Amino acid sequence: MERTSLGAAFVAAVERAVAQVREHPESCFVLRGRVRKMRVARFPYAVLYSIVGDRIRVIAVAHDRRRPFYWSGRR
């Protein structure tokens, strides 16, 4: 069963995760190298990011179980 509001709920959940990263960038655990992982509430996704100087660089919004580390070539 599809719900028309599910896409909007996903976008809102990703935006909340990014807002949490902005507020507390060093609070998430280091996944690999300098890449950190913030889980997206309610969905099996995570925001993968790194801290570069005084900036936060979002590398990917990735599914937790599909194609692990597909993003690892990104800088």
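Predicted model: local features only at pLDDT ≥ 70, side-chain atom pairs only at ≥ 80, totals over all residues.

Me: Which residue meets Arg-39 in a salt bridge?
Reply: Residues are numbered from 1 along each chain as its sequence is written, and side-chain values use heavy atoms, leaving out hydrogens and water. A salt bridge requires a side-chain nitrogen of Lys or Arg within 4 Å of a carboxyl oxygen of Asp or Glu. At 2.6 Å, N to O, the side chain of Arg-39 meets that of Asp-64.

Me: How many residues apart in sequence are the parts that this pair ties together?
Reply: Secondary structure follows DSSP runs numbered from the N terminus: helices are H or I with at least four residues, strands E with at least two. Arg-39 lies in strand 2 and Asp-64 in the segment after strand 4, so the parts tied together are 25 residues apart in sequence.

Me: Which residues does the salt-bridge network join?
Reply: The structure holds 2 salt bridges, and one of them links Asp-64 with Lys-37 at 3.5 Å, N to O. Lys-37 is buried at 15% relative accessibility, whereas Asp-64 is partly exposed at 24%; buried means under 20% relative accessible area, exposed over 50%, and partly exposed in between, with a 1.4 Å probe on protein chains only. Through shared partners, one network joins Lys-37, Arg-39 and Asp-64.

Me: How far away is the nearest side chain of opposite charge to Arg-36?
Reply: Arg-36 belongs to strand 2, residues 35–39. Lys and Arg count as positive, Asp and Glu as negative, with His and the chain ends not counted. Arg-36 is buried and has no salt bridge. The nearest side chain of opposite charge is Glu-26, at a distance of 5.3 Å.

Me: Which residues form the aromatic cluster?
Reply: Rings of Phe, Tyr and Trp (its six-membered ring) pair if their centres lie within 6.5 Å; planes under 30 degrees apart are stacked, over 60 edge-to-face and the rest tilted. The search of the whole structure finds 2 such pairs, and Phe-10 and Phe-43 are edge-to-face because their centres are 5.2 Å apart and their planes at 85°. Phe-43 is buried, with a relative accessible area of 15%, and Phe-10 and Tyr-45 are also edge-to-face because their centres are 5.0 Å apart and their planes at 65°. One cluster is formed by Phe-10, Phe-43 and Tyr-45.

Me: What is the phi of Arg-42?
Reply: Most residues other than glycine have a negative phi. Arg-42 sits in the loop between strand 2 and strand 3 and is exposed, at 58% relative accessibility. Although Arg-42 is not a glycine, its phi is positive, at about 75°.

Me: In what order do the elements of the protein chain run from the N terminus on?
Reply: The protein chain has 1 helix and 4 strands, and of its 75 residues 31% count as buried. From the N terminus on, the order is α-β-β-β-β.
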